[in-house]
Amino acid sequence: MLIIFGGLPGTGKTTIARALAKELGASYVRVDTVEQNIRASAVLKADVGPAGYMVAYGIAEDNLALGNTVIADSVNCLKVTRDAWLSVATRSAVPSVEIEVICSDKNEHRRRAETRATDVQGLIKPTWEEIMARHYDDWGQSPLVVDTAAQDVGQSVAELVSKLALGRSQPGRDF
């Protein structure tokens, strides 16, 4: 299965994606890590652009081919990137589920964004103003939505595990 996480920086997406990966014993692919390591290589003369996502798609596909569940962690603010993740699942002939992580409490979201430390060496986190200015395509009705303002990490992971198990047991569901 390919579990596709998305959401604005500072919502708790990475924290939940990592915890879910640990809970499920899944492979974890984080676009921030891929992009920062591409930057650190100093091979590209321009911005990383789509290169990080393209590398992450390939890593995910390799792990899916091995029979691993893969958790993909990225902002995924554009429909084109979400569609590309879904294409990875289709090519790999595995079910997929999209999870959008939000923080409905804007003050809490801002506090998190402004106080979190980077966990990827050299990665510069976006400012609150950059987060709010980011173009973010609507997800429509397809994703599971986790609101981190309403529950902690443990509750979020438990909810997702339950929904993933339920979805797998219902015919006609993608996951």
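Arg112 sits in helix α5. The model is predicted. Is Arg112 buried or exposed? Its relative accessibility is 19%, so Arg112 counts as buried; the cut-off for buried is under 20%. What does Arg112 touch, leaving aside residues up to four places away in sequence? Its contacts are Gly10, Thr11, Gly12, Cys103, Thr148 and Ala149.

Now follow the chain out of α5. Helix α5 covers residues 106-115, and α6 covers 128-133. Gln121 lies in the loop between them. Gln121 has a relative accessible area of 78%, so this residue is exposed. Ile131 is 10 residues away from Gln121 along the chain. The C-alpha atoms of the two are separated by 20 Å.

Next comes helix α4. This helix runs through residues 79-92, which makes 14 residues. At 1.5 Å a residue, α4 should span 20 Å. Its end C-alpha atoms are 20 Å apart, so expectation and model agree.

Which residues of α4 are buried? They are Thr81, Arg82, Trp85, Val88, Ala89 and Ser92. These residues cover an arc of only 105 degrees around the axis, so they lie on the same side of α4. What covers them includes strands β1 (2-6), β3 (70-73) and β4 (96-102), along with helices α2 (31-41) and α3 (51-65).

Turn to the other face of α4, the one pointing away from the buried side. Val80, Thr90 and Arg91 are exposed there. Just after the helix comes Ala93, with a positive phi of about 55 degrees.

Key
Residues numbered from 1 in each chain as written. Predicted model: local features only at pLDDT ≥ 70, side-chain atom pairs only at ≥ 80, totals over all residues. Heavy atoms only, no water. Helix = DSSP H or I, 4+ residues; strand = E, 2+ residues; numbered from the N terminus. Buried < 20%, exposed > 50% of the residue type's maximum accessible area, 1.4 Å probe, protein only. Expected span 1.5 Å × (residues − 1). Arc of directions from axis to C-beta. Contact = heavy atoms within 4.5 Å.
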